[in-house]
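I opened a new notebook page for this structure.

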Amino acid sequence: MGEQSLSQPKPQPPSPPPSPPASAASPPPAPAPAAAAASTSTSRGTAAAAASRPKKAAHPSSDSNPPKKPRLTFTVPGRPLSFAGEVGAAIRHLRDADPALAAVIDAHDPPVFQCPHRPFHSLVRSILYQQLAFKAAAAVYSRFLSLLGGEASVTPDAVLALTPQHLRQIGVSPRKASYLHDLARKYVSGILSDSAIINMDDRSLASMLTMVKGIGPWSVHMFMIFSLARPDVLPSADLGVRKGVQMLYGLEDVPRPSQMDKLCERWRPYRSVGAWYMWRLIESKVPQPAPAIDPLALPATDDQIMLQQQQQQQQQNAIQMIDPLQMLPGMGIWVICMVYVACKEQHFYALHNAT
């Protein structure tokens, strides 16, 4: 009976249990209740386990609690601003995200981000244009192309083949020659490549490019915006962008570079376009020269003549210091001067840290 109760917990009513024989008339005293209790608890546990199985199958844990997706890391940059429709998408986002910037957007034509050169060519060109006036830099660059045999011949191997004496003959200083050779060596050794630069995320790209002699953070930001058309680059150390943010939000002081990320957070993921409009805002706020008047109608005093001569001399000096880089299209003279000063500062600190 005990074994039957374990295998069949519920007795079947049609067949009543047979009468026990005489020898088994007196059941065992203690084991019978213990076995019954054990069989009851075991049957309950079996029934509970059996009842729980369909419930788990009906509501699997994978559906009710899906595994969390891994956190996204931007190892590949977003679509370049040179792609069709990207500038329009950036303008729509900035207009909705920042009402103050919307007025600046309405006052200017949309930007165009197109670069005909490969990354290596653009980096070489930026090094050649450093710290030179426009005409002088254009002349050096033209002689450089002639020396190599055209734009298609601007390759790392061809640049390495040029000796410092060859470069000096076309107006390239020995220091710039070392910059060009360092860049070319990093390409030849595989540390850098055009494909790696194009697919590298912004942070890694900045770290890799600043390893090249003569290329500082400001140059990297300009390269990413105007050569690679990266959409979310904020040149926080650029004086023109900082001054534009001050004018845009009516700040008392020019924001520090460490404050720029917070102030321009709403521009993400199109901070490159926001920075471009800051340059336009600065350019539009430059005071226009006074209209010319007849000197006979209002004779100038000696102090006024001296002041005019000083202003003209300052303008001439500023023009001689301009380094347009050919990567800042449509920017005014005043803005380029500000950008040039920022570039000089960054370049000085890069050289100081390198030494």
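My entries follow, topic by topic.

**Model.** I am working from a predicted model, so I read each value as computed.

**Cysteines.** I looked up disulfides first. A disulfide is a covalent bond between the sulfur atoms of two cysteines. I found 0 disulfides in the structure. Cys 115 is partly exposed, at 28% relative accessible area. Cys 264 is buried, because its relative accessibility is 0% and the cut-off for buried is under 20%.

**Helix 10.** I took residues 174–188 next; they form helix 10, with 15 residues. From first C-alpha to last I get 21 Å, close to the 21 Å expected at 1.5 Å a residue. Which residues of helix 10 are buried? I listed Lys 176, Ala 177, Tyr 179, Leu 180, His 181, Asp 182, Leu 183, Ala 184, Lys 186 and Tyr 187. Gly 190 follows helix 10, and its phi is positive, near 90°.

**Core.** The largest nonpolar core has 66 residues. Leu 101, Phe 113, Phe 144, Leu 180, Leu 183 and Leu 209 touch the most other members. Leu 180 and Leu 183 are also on my buried list for helix 10. I followed up Phe 113, leaving aside its neighbours within four places in sequence. Phe 113 is in contact with Leu 81, Ser 82, Val 87, Ile 225, Phe 226, Ala 229, Val 273 and Trp 276.

**Arg 280.** I located Arg 280 in helix 16, residues 271–284. Is Arg 280 buried or exposed? Its relative accessible area is 15%, so Arg 280 is buried. Its side chain makes a polar contact with the side chain of Glu 283, at 3.2 Å.

Conventions. Residues numbered from 1 in each chain as written. Predicted model: local features only at pLDDT ≥ 70, side-chain atom pairs only at ≥ 80, totals over all residues. Heavy atoms only, no water. Helix = DSSP H or I, 4+ residues; strand = E, 2+ residues; numbered from the N terminus. Buried < 20%, exposed > 50% of the residue type's maximum accessible area, 1.4 Å probe, protein only. Polar contact = N/O pair within 3.5 Å; in protein donor to acceptor, adjacent residues only side chain to side chain. Disulfide = S-S within 2.5 Å. Expected span 1.5 Å × (residues − 1). Core = buried A, V, L, I, M, F, W, Y, C linked by side-chain atoms within 4.5 Å. Contact = heavy atoms within 4.5 Å.
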